[in-house]
Every structure is written in C-alpha cells, then in structure tokens.
Amino acid sequence: MGDVIKLLPDSVANQIAAGEVIQRPASAVKELMENALDAGASHIKLIVKDAGKTLIQVVDDGVGMTQTDARLCFERHATSKIGFASDLFSIQTMGFRGEALASIAAIARVELKTKTHEESLGTEVIIEGSDFVSQNPCQCHAGTSITVKNLFFNTPARRNFLKSEQIEKNHIFNEFVRLAISRPEISFSFYQNNQLSYKLDASNLKQRIVALLGHAFQQRLVPVSEQTDIIRIDGFVVKPEFAKKKRGDQYFYINKRYIRSAYLSHSVEQAFLELIPEDMYPSFFLFLEMDPSQIDVNVHPTKTEVKFQDERYIYQIIKSSVKRSLGKFNITPALDFEREMSFEDIPFDKHKLPVPPKISIDPDYNPFSGSGVAPTLAGRANSKEWEKLFAGSDSALHGSDSQQETVLHEKNRENLLPGDMPDSSKRLMQLQHRFILAPVKSGIMVIDQQRAHERILYERFLAMLMQKKPASQQLLFPETVILMDQDLVLLREMMPQLEALGFVLEPAKKGTYIITAVPVDLIEKGSLQEIVEGVIEQYRIQLPGAENDSQKKLALAMAKKTAIRHGHPLDMAEMASMIESLFACQLPYQSPSGKTAVVIIGADELALRFK
Ligand code: ADP
Ligand code: MG
C-alpha cells in the first residue's frame with residue numbers, strides 16, 4: 001500500500017478552523033471589533049445588514065496596515081501580536097492566535113481597505129473563500145475597514161444552522177455590548193440595515209452602561225472597588241431588587257477582556273445570597289485586573305473562557321468585595337464589616353496552590369443568618385446553639401464526609417428537647433407561601449419549605465444513585481431536548497447516573513436527546529428541557545471540592561432544580577407529608593447546600609416579648 005497521509009490544503013484547514021472561531025455572524029463581529037481595538041482605534045463603526053448574513057463591516061481609525069501586511073494578515077497564524085512563545089504569557093491584546101481573518105476569509109468574501117498614518121496611499125485586498133481575488137492601491141482614510149459579505153456562502157451546513165434573524169441579531173448586539181462596555185473611553189457607532197442604532201461617545205463606565213442598557217440603570221448601579229496584591233476589582237453590581245430570572249446582564253472582564261465564568265458568577269451570586277430569591281440572578285459589570293502571566297486565555301478558540309491560577313482566592317475576593325459594597329451602600333442592613341474586610345481567612349499562599357477547604361470555604365460565618373425570620377430568633381440561646389452546630393457542618397456542595405454527618409446528626413438529636421419533633425397530625429400553617437409553622441413542645445417550629453424539600457429530594461436522589469434501583473415513570477409523550485455542545489459533553493458524563501435516577505434518554509439527531517422516562521419524583525415539575533438544562537447548569541457550577549463525588553453533585557443539582565420554591569402554596573396534607581419526609585431524613589435541619597432549614601422559636605422567647 002502506498003502512503004496515504006496528505007497535508008490538508010490551507011483553504012481546507014482554514015475552513016475547519018473557521019468552524020471553531022466563526023460559529024455565527026456575531027463571532028465575525030467580535031473578531032473584527034477586537035482587531036480594531038488592538039489597532040488602537042479611538043472610534044469604531046460597526047455596520048450590519050440582515051443580521052450579518054449579507055454584510056458585516058467594521059471601520060476603525062487605528063494604526064492601519066502596510067501593503068505587505070494587508071496581504072499577510074489573511075494567512076493562518078499570521079499575527080503581529082506575538083513573536084515568541086514567552087509572549088503568550090503576557091498577552092495584553094485581544095487577539096494573538098492569528099486565526100480570525102484567515103478563518104473569515106475562508107468562508108466569505110472579504111474586502112479590506114487599510115492605510116497607515118504615514119503613507120499617502122492605502123491598499124485594497126479582496127479574498128473570497130480563501131482565494132485571492134485582487135490587491136490594488138486605493139484612496140482611503142488612515143485606519144482599516146473590513147467588509148465581510150456572503151458569510152458561510154461555501155459552508156451550507158453552517159448557514160443552515162443559523163437561527164432566526166432575530167436571534168442572530170441578538171447575538172450581534174450582545175457582542176457589541178460586551179465590547180462597548182469594555183472600553184468606555186472609545187466611541188462606537190452601530191448601524192443596522194442602514195439605520196444608526198447606537199452612537200456611543202467616549203465616556204465613563206457608568207455612562208456607557210446607561211447608554212447601552214437604558215436610563216433605568218442610572219439609579220441601580222452600586223460601585224465595587226477593591227485592590228489587593230494580586231488583583232484589582234472595579235465596576236458595578238446592580239441592586240438586588242433588580243435581580244433577573246435569567247443570568248442576563250452578567251459581565252466579567254479580565255484585563256478588559258470579556259470572559260464567561262460560571263465559577264466567578266457563582267461568587268457574586270453568593271454575595272447576593274438571601275438578598276434575592278433563590279431562582280433569581282444578580283446583574284453585574286465587574287472588571288478584574290491582574291498580572292497576565294497568572295491567566296491563560298489561550299484555552300478556548302473564541303477566547304471567552306480563561307483559566308487562572310488561584311481561582312479560589314479570586315472567588316473569595318470577589319465575593320467579599322461585592323458584599324462589602326452592598327453593605328457600604330446600605331443595601332444590606334446588618335453586615336459585619338470588620339469580618340468582611342479581612343481577607344486573612346482566605347486559604348492562600350503565593351507559592352502554594354490553596355488546599356481545598358475541608359468543611360466549607362467560609363465555615364462559621366454567615367452575615368445573614370436569621371435574617372429571613374424575626375431578628376429575635378437568633379438570640380435564643382438554645383436555638384443558637386444548635387444552629388451553630390450546623391452552620392459549619394458539611395454540605396454536599398463541599399464534598400461531605402458521611403462520618404461527620406452522622407456525628408452532627410446525633411448531636412442535633414440530643415440537642416432537641418424531648419417533644420420538639422412536630423406532630424404532623426396537629427394543625428400546621430403556611431406563612432407567606434414560604435414557611436411551614438408547626439407547634440412543638442418547646443415552642444413553634446418554622447420550616448423553610450424550599451430548603452426542606454431540597455433536603456428530602458437530595459437524600460432520596462442520593463439513595464437512588466447509591467442503590468442503583470431507579471424508580472422510573474414512563475412518559476406518555478416522550479419529549480425531545482436540544483442541548484448546546486458544551487452541555488452535551490457534561491450530559492454524557494452524567495448519563496449513567498441520570499439513568500440510576502430513573503431517566504431514560506436516547507440520543508437522537510445531532511444535539512438532541514429524546515426522554516422517554518423520568519424519575520417518579522419528577523412528574524409535573526415543569527418543562528423537561530428546562531429541568532435538564534438546569535441540572536446540567538447546577539452540575540457545572542458546583543464548587544471544585546465536590547468534583548470527585550459526582551453522585552452527590554448530581555443529587556444536589558437535581559434537588560435544587562426540582563424542589564418546590566418559595567411562593568408555592570401548600571395544603572395541609574402536603575405540609576404534613578413534607579414534615580414527615582423531612583424528619584425521616586438523616587440531616588433534616590439543613591438544606592443540602594448547608595443552609596438552615598428549620599428554626600425553633602421557644603415559648604420562653606415568646607414570653608419575653610410579652611413583658
Ligand atoms: P490576531 O488578532 O489573533 O493577531 P487576526 O487574524 O485577527 O489575528 O489578525 C491578523 C493580523 O492582522 C493582526 O495581528 C494585525 O496585525 C492585523 N490586523 C487585523 N485587523 C486589523 C486592524 N483592524 N487594524 C490593523 N491591523 C489589523
Ligand atoms: Mg484578531
């Protein structure tokens with residue numbers, strides 16, 4: 001047999017690379033605008049027609065390119081931004097992979113006009129599907145204009161994969177917003193279908209956010225600012241009352257580069273804990289600045305995901321500074337400033353990777369403890385004692401140690417006065433669709449319905465996962481769920497366990513699964529698409545401590561996603577059954593993520609209030 005291995009022609013290699021870098025028109029917008037930023041532009045104009053399918057043009061007044069560079073910039077791995085491998089560790093520019101222009105030119109018709117400030121004549125280069133069409137001198141302003149026409153003309157699969165015009169427009173808008181927020185000192189204009197949609201003058205961050213997202217933001221932004229040896233944090237969080245149902249306006253920038261990080265978002269969400277309902281998300285615009293050698297932006301072709309050293313430390317710093325800002329601006333009533341201001345507890349040593357905390361990151365501190373209930377509650381010695389017992393106790397989130405769990409459990413039982421178990425045949429009451437009140441011998445027991453239900457489901461799911469005896473219910477009408485690529489990877493990882501829970505999923509055509517059966521506990525809990533996405537999302541954001549315990553991780557994700565929420569009315573029978581199930585649990589007093597689920601107001605404490 002003869003040799004069979006061939007090198008791919010560049011045009012094919014570029015098309016393959018384009019699949020990674022340019023997924024949709026918005027990706028081209030992002031790459032072109034980033035190049036304009038890297039070129040030191042002070043004004044950037046974006047012109048889009050038909051959601052980018054017919055035209056994307058970016059015009060800048062940056063440094064421009066020489067005649068040679070104008071031709072070279074379309075070669076793969078052509079970049080002016082790194083010369084040595086070591087440069088990779090001190091990246092300050094947005095681009096550096098030298099892939100974007102080669103990729104775009106492989107799948108569209110690209111017309112480049114560019115001129116440096118020194119030269120009097122510019123250069124025009126036209127390339128179509130990687131084929132060089134022409135190069136000519138031309139009259140043009142200093143700077144660069146790149147026009148992209150007929151995107152995906154030679155990759156029908158990509159083109160057909162595009163979503164509706166409105167969705168693609170939204171993606172473009174999102175990229176525009178991300179970049180415009182990252183550089184308030186640069187002016188931008190954005191034309192869509194020949195109409196000027198945005199004209200943003202050079203300004204400051206606050207004005208830029210307001211100009212892009214609406215005047216209402218003027219009153220909603222709370223400044224955040226913190227500086228440590230390692231990191232500087234600046235920006236704004238949006239007041240808790242404007243939290244959203246979706247993770248919409250969450251903007252993180254590292255060294256002015258927009259990044260997505262579920263882990264860091266989680267740290268801000270932790271700072272907002274108990275200030276907003278559990279299924280809502282805070283909005284924020286946070287700029288982190290740190291030594292580029294501490295981060296690796298090279299991990300992802302579209303460069304929106306980064307890896308950095310000292311991840312836990314950064315997590316803690318963000319959480320603390322956001323909390324502190326909320327406190328400083330009187331958003332939270334009773335913050336312990338001293339404690340919040342000291343970073344001494346953070347497990348960090350410059351020369352060592354931090355050791356994962358055994359119990360939890362911040363074991364004995366909860367500035368909001370008792371805030372959901374009457375303030376006097378926390379004052380009761382007895383209840384305080386056992387709250388303390390559990391405040392630092394293990395949670396699945398941090399990878400729990402079952403021996404410790406049992407000890408705590410026993411202690412808790414001892415601490416409870418005899419008769420403190422609610423009698424579910426007695427009258428129960430629901431308060432504000434959130435708490436269940438039950439008379440017990442020593443006073444009133446208050447149960448947080450959501451946390452209690454999470455506990456019940458968590459232990460049930462965990463037991464199922466361990467025994468591998470799924471309790472499954474066939475669906476009358478199988479449902480199809482559609483998942484994004486990165487979710488598919490996680491789903492495959494979770495698959496054996498999802499099956500142990502009672503899910504039956506069958507892979508169908510690309511990116512979709514058909515669900516034919518679900519766990520019995522799941523019947524009528526909303527759309528399966530939402531549940532599956534939510535479980536994957538929960539699974540993804542869990543702290544690294546839980547990594548090696550995927551059963552707990554999944555049980556927790558499922559419990560959090562499917563438990564009844566605050567605001568859900570319960571009838572007498574449901575409350576009774578909830579209480580019975582709760583006290584059949586191993587650790588009834590805590591939600592699986594470690595939050596207090598049960599509180600007792602003692603009769604003695606009530607008596608004091610009648611003095
Ligand atoms: P990268 O940005 O990763 O270097 P690109 O393919 O996006 O790769 O761009 C290749 C090169 O073309 C850049 O390194 C830069 O030298 C040049 N270039 C691209 N766009 C512009 C622009 N708007 N102004 C000046 N030079 C540009
Ligand atoms: Mg680039």
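A residue is called buried when its relative accessible area is under 20%, exposed when it is over 50%, and partly exposed in between, with a 1.4 Å probe and protein chains only. This is a predicted model, in which local features need pLDDT of at least 70 and side-chain atom pairs count only at pLDDT 80 or more, while totals for chains, interfaces and linings use all residues. Residues are numbered from 1 along each chain as its sequence is written, chains are lettered from A and ligands numbered from 1 in the order in which they are written, and side-chain values use heavy atoms, with hydrogens and water left out.

With a relative accessible area of 24%, Asp279 is partly exposed, and its salt-bridge partner is Arg565, the closest N and O atoms being 3.6 Å apart; a salt bridge here is a side-chain nitrogen of Lys or Arg within 4 Å of a carboxyl oxygen of Asp or Glu. This pair links distant parts of the chain, since Arg565 is in the loop between α16 (550–562) and α17 (572–583), and Asp279 is in the loop between α8 and β13 (284–290), 286 residues apart. Helices (H or I, at least four residues) and strands (E, at least two) are DSSP runs, numbered from the N terminus.

The structure holds 15 salt bridges, among them one between Lys30 and Glu34, at 3.2 Å from N to O. Both residues lie in helix α2 (residues 25–38), 4 residues apart, about one turn of the helix, and both Lys30 and Glu34 are buried.

Turning to the strands, β1 (residues 43–49) and β2 pair in the antiparallel sense over 6 bridges, where pairing requires that DSSP finds at least two bridges between two strands. The two form a hairpin with 5 residues between them, and Asp50 in the turn has a positive phi of about 50°. Strand β2 is also joined by 6 bridges to strand β6 (residues 143–149), which runs antiparallel to β2. Because 5 of the 6 residues of β2 (residues 55–60) are buried, this strand is largely enclosed by the rest of the structure.

Helix α8 (residues 262–271) is likewise largely enclosed by the rest of the structure, because 8 of its 10 residues are buried; including Tyr263, His266 and Glu269.

Finally, Arg220 lies over the face of Phe242, at 4.0 Å from the ring centre, and over the face of Phe217, at 5.6 Å from the ring centre; this requires CZ of Arg, or NZ of Lys, within 6 Å of the ring centre and within 35 degrees of the ring normal.
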